Every structure is written in structure tokens, then in C-alpha cells.
Amino acid sequence: MKRFKRAGSALLAGVLLASVTSGLLPSGEAAAQAAAGRCRTDALAARLGRPDPGAGNVYAPLVLTNTSTRTCWVYGFAGLVMFDGNGDALRTRVRRENVQPRRVVLAPKASAYARLHWVMVQTGTEKRCPTSARLMIIPPDETAHLEIPFKAMACDDGRIDIRPFVPGTHP
């Protein structure tokens with residue numbers, strides 16, 4: 001019986017060693033990433049990348065950067081609210097694009113971005129499209145917000161399409 005237990009223990013140890021070396025179990029950096037917590041608002045900085053306008057459409061990356069000294073992750077979509085120059089909230093209809101989100105691990109100083117899209121051409125019965133001055137950003141799964149300058153004219157009743165965050169600052 002003892003001989004069987006030793007053989008079984010040796011076999012189990014061999015399987016675990018093979019799993020770690022083949023990458024099936026977390027080790028080193030993968031284990032650290034798995035242990036990382038969600039990025040909190042106070043650990044993030046936001047900015048809008050260079051807008052790319054054309055034919056009445058505007059695309060721009062919304063970039064979140066980890067400003068903390070710890071690795072953290074974001075998953076999903078940001079919440080957005082536009083404000084005018086007087087500080088009054090503008091109608092903001094955020095439409096999540098049908099793209100499957102994934103967890104994006106951010107080492108300190110690393111960034112993730114979400115592509116924003118809006119139209120600056122009046123639609124339907126719109127007579128004018130209000131111009132924003134600032135954008136409130138609520139990171140995924142957070143309630144606190146960040147604010148950045150955002151001079152945009154979002155028509156179609158304030159609609160902004162957003163994709164989930166992906167690694168990097170922009171392709």
C-alpha cells in the first residue's frame with residue numbers, strides 16, 4: 001500500500017510539473033496577472049486619442065492608462081456623459097457595439113483603448129446638434145468618474161457608439 005501511494009504521489013508530481021512547464025497552470029507572470037484586481041478609477045488616467053473624421057463620421061480612441069504601481073485589469077465598456085461649456089449635461093446615448101469584451105491586463109503605465117464613433121451630420125428631424133466641451137468617463141464596473149476635454153458635435157440625439165477596451169493606445 002505504501003509503495004502505491006509513493007508511486008501515485010510521484011505520478012501526480014510529474015503531471016503537475018508537466019502542466020506548469022507546458023503553460024496549462026498559471027506560473028510567474030500569468031499567476032501575477034490572475035491575481036491582479038480590477039482597475040479602480042483612482043488608478044486610471046483618461047484621454048482621447050486623435051480623432052479621425054470623414055464623411056460626417058468621427059472615430060477616436062478613448063485611452064485609459066494605469067497610473068498605479070500595481071497591475072490591474074479592465075473588462076467591458078465605459079459609461080459616457082457629455083457636458084456643454086456651462087457644465088450642463090447633454091443628452092448622451094451610448095450604444096455598445098456587438099463585440100465580445102475580454103479582460104485587458106494593464107501593467108503600471110500600460111494602456112487600453114475603446115473605439116468611439118459618432119456622427120456630426122444632422123439626422124431625421126434634428127435642427128441642430130449641440131457641441132460638448134467635456135466628457136465624463138465611468139470606467140467599467142466603477143461608479144467614480146474621470147473627465148476630459150471633449151469638443152464634439154454628436155448628432156443623432158447624442159449617440160456615441162463604443163467598443164469594449166482592448167490593449168494598447170490605438171492600432
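Mentor: Let's start with a definition: buried means under 20% relative accessible area, exposed means over 50%, and partly exposed is in between, using a 1.4 Å probe and protein chains only. Also, this is a predicted model, where local features need pLDDT of at least 70, side-chain atom pairs count only at pLDDT 80 or more, and totals for chains, interfaces and linings use all residues. Residues are numbered from 1 along each chain as its sequence is written, and side-chain values use heavy atoms, with hydrogens and water left out.

Trainee: Okay, why is Ala55 called exposed?

Mentor: Its relative accessibility is 80%, and the cut-off for exposed is over 50%, so Ala55 counts as exposed.

Trainee: What makes the phi of Ala55 worth a look?

Mentor: Most residues other than glycine have a negative phi. Ala55 isn't a glycine, yet its phi is positive, near 55 degrees.

Trainee: Where does Ala55 lie?

Mentor: In the loop between strand E3 (52-54) and strand E4 (57-66). Strands here are DSSP runs of E with at least two residues, helices are runs of H or I with at least four, and both are numbered from the N terminus. The protein chain has three helices and 13 strands.

Trainee: What share of the protein chain is buried?

Mentor: Buried residues make up 35% of its 171 residues.
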